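Thank you all for coming.

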Amino acid sequence: MLLCLSFDHRGCSFPLLERLTARTPEITEALTASNDLDGVVVLSTCNRFEVYAQAGRDTSEAMVELISQVAGVPVSSLSMAVDVELDHRAAEHLFAVASGLKSAVVGEEEIAGQVRRAHVDARERGTVTHHLERLFQTATRTSRTVKHRTEIHSQGRSLVRLALRLAESRVPVWQDARVLLIGTGAYAGATIAALRSRGAERISVHSPSGRAAAYAERHDLTPVDPAELRSALDATDVIIACSRTEEPLLTEADFAPLGPGATATAGISRPVSPRLLIDLGMPRNIDPAVTRIDGIELLDLETVARHAPVTELGTEHEALEIVHDAAVEFGASQAERDTLPVLLALRGHVNAILEDELCRARRAGDDEDDATAADVEAALRRLTGRLLHAPTTRIRSLGREGRASEASEALSALFGLESAERS
């Protein structure tokens, strides 16, 4: 059985989502160690936390309880926020997520990469079953199909671009704006591209993990080392934080004035200017308390999500149809695979009879020439193949229709055989 537990921006408060995201490593480890689950893939992004698992039965309640224990969140809170999808609906949900149809900004492009990274991480941990492998491979192919066959990504919509669009009223001329990027992860590249498309030229970067210099060299930015961070914060008009962290990287103390009405910037005092802080991190990179300081405005993910535009209905409908068709085909393909034990039993039975007859024919035909014996054997094998073709095709067809059990029962009734799955 395939299970999906989904906590996202639509039904989950941002503080709760933030809590789950912060404990992703511990939750993943606990789920991986569970004897109830055959395989686990955890998807943790800026606006969703999801678990995809394969199990012999519906273990969703036990999974919620385990997540509750690890994250320190009441079970009742998780139960009210979680969406549980099983089998076909779980597959369709993942395909829609990977295609950007479940995002705060419908059609965002970053989510496909995040789904792939979750898949790779689980594969490296050894927690991906064959079924989950096929599921995530299909999700990636589906997202590409949606991208190529629809215009849902054509406007380049993403959380990064939407955040910058919301910031435009505060930043009239991007060419003159001094921008500080904090973080060098997946969102950093998208942020740089979006800034430069708006004409921003004065971009510096700080990395809490110490990668600023190398990253700045690759992307033609100005690096900011830890000793210069306070000065850079004071000298910047727009600060964009998109790092992965459990605790806020920037707090009220980082912006408190160093003197009455002035700050020290590279040894020069200047009046405190208005600053816009954009927090794209989940968990938060910036403590909301910074807004208590005059001249600072904070734009966070919760605010960005509230301003997500309504997608074009025609484009979204077309994308949803692609996702639905992919989920139907995935389910049918998996159902067909469920008939494999029946097919193996049938072929094994018939081929065993064939080999018995061939052995008998070889013993009886010792005086015949090798060419004649070979012709007889080839004819019998062709006959066997033709006899097996129709029932093999029919068994596979029954599987795609979700009637694999009927094929197994027919095998038992006609030949007295039990498939490996039933024995």
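I will begin with how the model is to be read, and then walk through some of its parts.

What we have here is a predicted model, in which local features need pLDDT of at least 70 and side-chain atom pairs count only at pLDDT 80 or more, while totals for chains, interfaces and linings use all residues. Residues are numbered from 1 along each chain as its sequence is written, and side-chain values use heavy atoms, with hydrogens and water left out.

Taking the chain as a whole, we find 16 helices and 12 strands, where helices (H or I, at least four residues) and strands (E, at least two) are DSSP runs numbered from the N terminus. Of the 423 residues, 50% are buried, and by buried I mean under 20% relative accessible area, with exposed being over 50% and partly exposed in between, using a 1.4 Å probe and protein chains only. The accessible surface comes to about 20,600 Å², and carbon and sulfur atoms account for 51% of that; the areas come from the Shrake-Rupley method with a 1.4 Å probe, and for residues only the protein chains shown count as cover.

Let us start with two helices. The axes of α1, residues 14-22, and α2, residues 24-33, come within 5 Å and cross at roughly 65°, the axes being lines fitted to C-alpha atoms, for helices over the stretch in contact, with angles from 0 to 180 degrees between N-to-C directions. On the α1 side the contact (heavy atoms within 4.5 Å) is made by Leu20, Thr21 and Ala22, and on the α2 side by Thr24, Pro25, Glu26 and Ile27.

Next comes an open sheet of four strands, with antiparallel pairing and the order β2-β3-β1-β4; strands pair if DSSP finds at least two bridges between them. Because β2 (37-44) and β4 (83-86) stand at the edges with a single partner strand each, one side of each is left without a neighbour in the sheet. Within this sheet, β2 and β3, residues 48-55, are joined over seven bridges in the antiparallel sense, and Val41 has Tyr52 in β3 as its bridge partner. Helix α6, residues 110-125, lies across β2 and β3 and runs at about 145° to β2.

Elsewhere, strand β11 (residues 275-279) pairs with β12 in the parallel sense over five bridges, and Leu277 stands opposite Leu298 in β12. Four of the five residues of β12, residues 296-300, are buried, so this strand is largely enclosed by the rest of the structure.

Now, which residues of α3 are buried? They are Ser60, Met63, Val64, Ile67, Ser68, Val70 and Ala71. After α3 comes Gly72, whose phi is positive, near 70°.

Ala139 sits in helix α7, residues 130-149, and is buried, with a relative accessible area of 0%. Leaving aside residues up to four places away in sequence, Ala139 touches Leu94, Phe95 and Ala98, and its C-alpha atom is 8.9 Å from that of Val323, 184 residues apart along the chain.
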